[in-house]
Amino acid sequence: MNKILIANRGEIAVRIIRACKEMNIKTVAIYSEADKNALHTRLADEAICIGPAEPQKSYLNIKNIIEAAYITGADSIHPGFGFLSENAQFAKICEESNIKFIGPNSKVIDLLGNKSNSKELMKEAGVPVIPGSDGSVKGLKDAVIIAEKIGYPVMLKAAAGGGGKGIRIANNKEELETNYNIVKQEAKISFNDDEIYIEKFIKNPRHVEIQILADEHGNVVHLGERDCTIQRKHQKLIEETPSTVVDEKLRNKMGNAAVKAAKIAGYTSCGTVEFLVDSDKNFYFMEMNTRIQVEHPITEMRTGIDIVKEQIRIVAGEELKFKQKEIEFRGHSIECRINAENPNKNFMPSPGQIKEINLPGGNGIRIDTAIYNGYIIPPNYDSMIAKIIVFGNTRNEAIAKMKRALEELVIDGVDTNRDFLFSIIKNPNFIRGNYDTSFIDKEKF
């Protein structure tokens, strides 16, 4: 593997470029017209414009991305997260074009990308799943029958969904009838696929995911859990590892289930198996993400394993250099997502020019970002502009570091959610580890 094209932008593109530099691999940055002065274009060995600001004409334009790979002589493509990272068609075109796709193969992405199909696969593997429909529902009448069978409340979810989109809760038949067509429309708009499925809504759960690595030689390991429970409208805000509700016994059970899930799917690369954990510590499979996750740094901080480098080694045909028993879990890590948005205006995005910036530092603090002083945040993309990741020997130490880091952070010229995140980190119930997915609404931040 000599040259990797990064089919993404922002902090994840920067993150991948840095890993490649350390591995002595040449890099190609792609960029839209809006990202001409973006940091990833400056750090890569080469940069090539692939279209206008609109994602459909640039970062989602498969034809232009493949052409960019040919023009620059890139033999591999890393999709990052979002955009085309879980697009089976993109992976297949890479395969047909003799370009290495840094991720699982197209058939596996297709298999796991449909949430109802992946759920059936997990049942076969003996992985616990949330009660719900067997595959996609056939219509509203079918939806009503299924909901009454498993009992309200239920969740209507886009079969091809992800990122918290295409999800509605129905507490009764009337709400189900109202939300059914809404979810189908949202699914069609967001994923160009209006299939939906139904599952039992688990009240006040924890959202806990397991990071796995699987090579092409049949070796699969897990790197422990990440607790992603602190969310707003199904969008993650703060993640931590280890979870305050997962003990060694539960970690092993969930880890073994995630490894089983990867093996039955014939999975390779890094991946994340997402679970809901109820108040009795029962856990249920939700979905498997076939890409690097936004929150991967906290796992790296705790294990010392560079997940992006492992992705690259795996697609190059290398075996994992470590067994499950050799993986050490140390300390505690927390990540806060810094978004350019105004929490006082219903989290309205806040694009614009950064006039002053101060990023926190010191022992145990990592910043993943692509912003710099004078950088203009374009209005065309996701509002996340940075991630603050901290590591401490204990959870209390990690919380103290995060408080200090948020206090030091200065981003002037645009609004951010910094103060909103700080209010969560210092909340007594968060400090006690006493929270679930309804935490933001309950605490009325």
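Helices and strands here are DSSP runs, numbered from the N terminus. The model is predicted.

**Helix 9**

- Helix 9 covers residues 248–265, which is 18 residues. From its first C-alpha to its last the helix reaches 26 Å, close to the 26 Å expected at 1.5 Å a residue.
- Glycine 266 follows helix 9 and has a positive phi, near 65 degrees.
- Buried residues in helix 9 include Leu250, Arg251, Met254 and Gly255. Val259 is also buried, and so are the alanines Ala257, Ala258, Ala261, Ala262 and Ala265.

**Helix 5 and helix 6**

- Two packed helices are described by the angle between their axes and the distance between the axes.
- The axes of helix 5 and helix 6 cross at roughly 95 degrees and come within 5 Å.
- Angles of 65 to 115 degrees count as roughly perpendicular, and helix 5 and helix 6 are therefore roughly perpendicular to each other.
- On the helix 5 side, the residues that meet helix 6 are Leu111, Leu112 and Gly113. Their counterparts in helix 6 are Lys115, Asn117, Ser118, Leu121 and Met122.

- Three strands make an open sheet with antiparallel pairing, in the order 7-6-8.
- Strand 7 (167–170) and strand 8 (196–200) are the edge strands, and each pairs on one side only.
- From one strand to the next, the twist averages 25 degrees.
- Strand 6 (residues 154–158) and strand 8 run antiparallel and are joined by five bridges. In one of the pairings, alanine 158 has isoleucine 196 in strand 8 as its bridge partner.
- Helix 7 (residues 140–150) lies across strand 6 and strand 8, at about 15 degrees to strand 8.
- Helix 8 (residues 173–191) packs on the sheet and touches strand 6, strand 7 and strand 8. The direction of helix 8 makes about 175 degrees with that of strand 7.

**The largest nonpolar core**

- The largest nonpolar core has 39 residues. Those that touch the most other members are Ile230, Ile238, Ile338, Ile388, Leu406, Ile424 and Phe430.
- Strands that give two or more residues to this core are strand 11 (235–241), strand 14 (332–339), strand 19 (365–369) and strand 21 (384–392). Helices that do so are helix 12 (395–408), helix 13 (418–425) and helix 15 (439–443).
- Not counting residues up to four places away in sequence, isoleucine 238 touches residues including Ile230, Ile334, Leu421, Ile424, Ile425 and Phe430. Asp227, Cys228, Glu335 and Cys336 are also among the residues it touches.

- Asparagine 289 is in strand 13 (residues 283–289). Asparagine 289 counts as buried because its relative accessible area is 4%, and buried means under 20%.
- Leaving aside neighbours within four places in sequence, asparagine 289 is in contact with Glu86, Tyr267, Gly271, Thr272 and Glu274.
- Alanine 74 is in the loop between helix 3 (62–72) and strand 4 (76–78). Its relative accessibility is 8%, so alanine 74 is buried too.
- With neighbours within four places in sequence left aside, alanine 74 is in contact with Lys3, Leu5, Ala69 and Ile99.
- Alanine 74 and glutamate 124 are 50 residues apart in sequence, and their C-alpha atoms are 39 Å apart in space.

Technical notes:
Residues numbered from 1 in each chain as written. Predicted model: local features only at pLDDT ≥ 70, side-chain atom pairs only at ≥ 80, totals over all residues. Heavy atoms only, no water. Helix = DSSP H or I, 4+ residues; strand = E, 2+ residues; numbered from the N terminus. Buried < 20%, exposed > 50% of the residue type's maximum accessible area, 1.4 Å probe, protein only. Contact = heavy atoms within 4.5 Å. Core = buried A, V, L, I, M, F, W, Y, C linked by side-chain atoms within 4.5 Å. Expected span 1.5 Å × (residues − 1). Pairing = 2+ DSSP bridges. Axes fitted to C-alpha atoms, helices over the stretch in contact; angles between N-to-C directions. Parallel < 35°, antiparallel > 145°, perpendicular 65-115°, else oblique.
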